[in-house]
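Open your viewer, bring up the sequence panel beside it, and follow along. Each stop tells you what to select and what you will find there.

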Amino acid sequence: MSLKRLSALILLCLALAVPALALAQGARTYAVLPFKVTSDKFQYLSKGAQAPVSNRLNWLGYFEPVEADKIARAAGRFPANLNEAQSIMAAIGTDFLVAGVLDFQDGDKQVNITLNVYDRIKAQSWNKSSKVPLEGLLPALERLSNDVRTEVFKRPGEDAKATERKEARKDMQSKAPVPRNADFVTGDTGEAPMGTAGGPVMNPQFRYEGGAETPGRWQSQSLRFASVSMAAGDFVGDKKTRIIVAGVNTLYAYEFFQNTLKPIGEHKLGMRIKLLRVSILDLDRDGKAEIIASGLDDPDGNAEPRTFVLSFNNGKFENFLPPQKQYLSVVRIPPTYQPTLLGQIKGSHGPFDEAGVSEMLYQDGKLQPVRRLHLPSIANLFNFAYLPDGSNFKIVVLNEYNYMKAFTQDLEPQFSQEEGYNSSNNYIIVDERLPGMDMGKRDTGVEDFYYVPIRMLPVAFDSRGKYELLVNKDISVAAQVFKKFRRFSQGEVHSLFWDGVGMSLAWKTRRIKGTVVDLALEDLKNEGKKQLVVCLNTYSGAIGASSEKTVIVTYDLNTDQ
């Protein structure tokens with residue numbers, strides 16, 4: 001072997017060994033302290049801002065957050081300089097310390113956000129600030145977190161992404177970003193249509209249908225039951241995403257394992273229970289989410305609301321709280337748009353209390369309402385979502401026919417359409433008898449049904465903070481004739497954005513065979529990238545509900561996040 005070839009071989013071996021050596025040394029750790037908040041009114045944002053920054057900085061295998069119990073070792077201390085930060089990092093046992101400040105100004109209408117990052121090994125500090133309206137708090141936190149990834153963590157590709165974003169044309173600011181996936185059909189967003197192979201289509205008017213082997217799409221095995229809802233997240237406490245699927249009165253837990261869904265737990269709630277929606281949220285902030293299964297007790301009788309708040313320990317569901325006599329669900333609400341627990345009790349003349357929806361707080365081992373939300377009269381706990389729109393937001397509501405309506409934050413109607421979205425066959429009996437007229441049995445002539453829609457998901461697919469709303473489009477010939485037809489042989493997930501006049505289509509999936517029952521945006525495969533997760537029931541005909549099965553489908557999202 002010549003000397004030149006030998007030298008080249010040695011250099012190649014060294015090049016290959018450097019990344020391996022870096023991985024062998026293990027990931028560096030960081031800790032995000034609870035934010036310092038200058039406003040008494042918004043003290044709850046101390047931990048509310050901590051979570052999204054910590055999640056945003058996570059780079060599996062390279063920069064990972066320390067456990068929540070280690071952050072508690074800081075004992076409430078907040079560094080004023082590098083020396084104090086070094087002391088806190090030594091106590092926690094971390095390589096980086098992130099300390100943020102939310103300085104509210106102008107009567108709490110503006111907030112000056114400052115992120116301070118301290119490097120223990122290099123004994124250096126970094127900081128950057130951004131002053132935004134209150135409603136722009138979350139997008140600003142995301143932008144600052146991106147800057148930390150680029151300028152402090154030196155994550156590969158982040159510099160190029162930042163440059164590309166700066167050079168983006170101004171007229172594209174109003175356009176909704178389109179995740180790249182061969183199973184998505186783009187709408188009027190200014191993006192070039194893509195074919196199933198990832199390249200441009202032969203003709204923009206052609207519709208390309210993807211098959212079972214389409215890249216970027218995964219489908220689970222058939223599960224033996226029909227589902228009514230789904231939620232995904234870390235309810236084990238190991239920073240891995242797992243999924244909860246709700247049957248009529250049973251909860252099933254699964255994890256993604258070897259390209260299939262592996263069952264890890266099951267919990268029966270009783271034959272008298274009928275579930276409406278399942279959510280997950282870390283109520284006690286211990287790093288492990290609780291499972292919130294909301295439904296009805298005695299659905300064909302008095303139909304009283306009943307919500308089960310559970311934890312998942314060692315493969316078993318356990319009661320975190322006693323059953324709650326109210327409906328509970330998780331919704332992203334302004335100004336931070338973080339997942340928040342909401343509640344509503346039963347009304348005196350209908351399934352929902354006329355007083356409306358309240359934000360709930362877990363404190364001293366119980367749930368307490370803390371404030372009433374300002375919502376349109378047709379809104380209830382299950383049928384609305386907030387859609388951020390710059391420094392403001394829209395309230396999107398689905399009426400009794402699942403037609404979409406949009407309101408300003410002052411509850412002024414701005415948009416309405418007569419197309420069905422997010423319909424389900426999950427109903428609450430509305431008894432229209434007058435009080436005192438209960439003769440011990442129901443009369444079908446004086447009762448109606450309220451069908452609970454599946455959840456709407458507000459999401460931002462890029463760092464510009466342009467939000468879209470993920471919904472399921474009801475597709476049925478019968479539904480065009482019968483307004484309350486509820487069984488669908490197929491559906492499409494649509495991503496809608498506010499274009500200044502109404503809700504426009506950014507992109508949509510290709511036809512999904514089956515009845516869509518829920519949506520999520522989570523990293524189900526635990527690969528470091530979120531997928532669009534769709535829960536659906538197989539369709540076996542208009543009267544074949546007894547043979548329905550559940551299938552989970554995921555779509556990879558090739559975005560800049």
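Does Gly301 count as buried or exposed? At 19% relative accessibility, Gly301 counts as buried, where buried means under 20% relative accessible area, exposed over 50% and partly exposed in between, with a 1.4 Å probe and protein chains only.

Before moving on, a word about what is on screen. This is a predicted model, in which local features need pLDDT of at least 70 and side-chain atom pairs count only at pLDDT 80 or more, while totals for chains, interfaces and linings use all residues. Residues are numbered from 1 along each chain as its sequence is written, and side-chain values use heavy atoms, with hydrogens and water left out.

**Stop 1: Gly301 and the whole protein**

Keep Gly301 selected and show the cartoon around it: Gly301 sits in the loop between β14 (290–297) and β15 (304–313). Helices (H or I, at least four residues) and strands (E, at least two) are DSSP runs, numbered from the N terminus.

Zoom out for the overall picture. The protein has 8 helices and 34 strands, and 51% of its 561 residues count as buried. Of the contacts (heavy atoms within 4.5 Å) between residues at least 6 apart in sequence, 52% join residues at least 24 apart.

**Stop 2: helices α3 and α6**

Select residues 50–57 for α3 and 137–151 for α6; their axes come within 9 Å and cross at roughly 35°. The axes are lines fitted to C-alpha atoms, for helices over the stretch in contact, and angles run from 0 to 180 degrees between N-to-C directions. Which hand does the crossing of α3 and α6 have? It is right-handed: a crossing is right-handed if the near helix is turned clockwise from the far one by less than a right angle, and left-handed if anticlockwise.

From α3, Pro52, Val53, Arg56 and Leu57 meet Leu138, Leu141, Glu142, Ser145, Asn146, Val148 and Arg149 of α6. By class, this contact of α3 with α6 has 6 nonpolar, 2 polar and 3 charged residues; Ala, Val, Leu, Ile, Met, Phe, Trp, Tyr, Cys and Pro count as nonpolar, Asp, Glu, Lys and Arg as charged, and the others, Gly among them, as polar.

Why is α3 largely enclosed by the rest of the structure? Because 6 of its 8 residues are buried. To colour them, pick Gln50, Pro52, Val53, Ser54, Arg56 and Leu57.

**Stop 3: Arg155**

Arg155 is partly exposed, with a relative accessible area of 21%. Leaving out residues up to four places away in sequence, Arg155 touches Asn58, Trp59 and Arg149.

**Stop 4: the cavity**

Select Val228, Ser229, Leu276, Arg277, Ser424, Asn426, Val452, Pro453, Ile454, Arg455, Val517 and Asp518, which line the largest cavity. The elements giving two or more residues to this lining are β13 (273–281) and β32 (515–522). By class, the lining has 6 nonpolar, 3 polar and 3 charged residues. About 60 Å³ of space lies in this cavity, and the count comes to 1 cavity of 30 Å³ or more. On a 1 Å grid over the protein atoms alone, a cavity is a set of points where a 1.4 Å probe fits but cannot get out, and lining residues have an atom within 4 Å of a point. Grid points are joined across faces, edges and corners, and a volume is the space filled by probe spheres set on the points.

**Stop 5: backbone details**

Next, select Pro334 and Pro335, which are joined by a cis peptide bond with omega about 10°. Pro335 is in the loop between β17 (327–333) and β18 (338–344).

Then try Gln258, in the loop between β11 (250–257) and β12 (260–268). Gln258 is not a glycine, but has a positive phi of about 50°, and at 66% relative accessibility counts as exposed.

Finish with Asp364, in the loop between β19 (358–363) and β20 (366–372). Asp364 has a positive phi of about 55°, although not a glycine, and is exposed at 70% relative accessible area.

Methods
1 Å grid on protein atoms, 1.4 Å probe; cavity = no way out; pocket = protein on both sides within 12 Å on 5 of 7 lines; lining within 4 Å.
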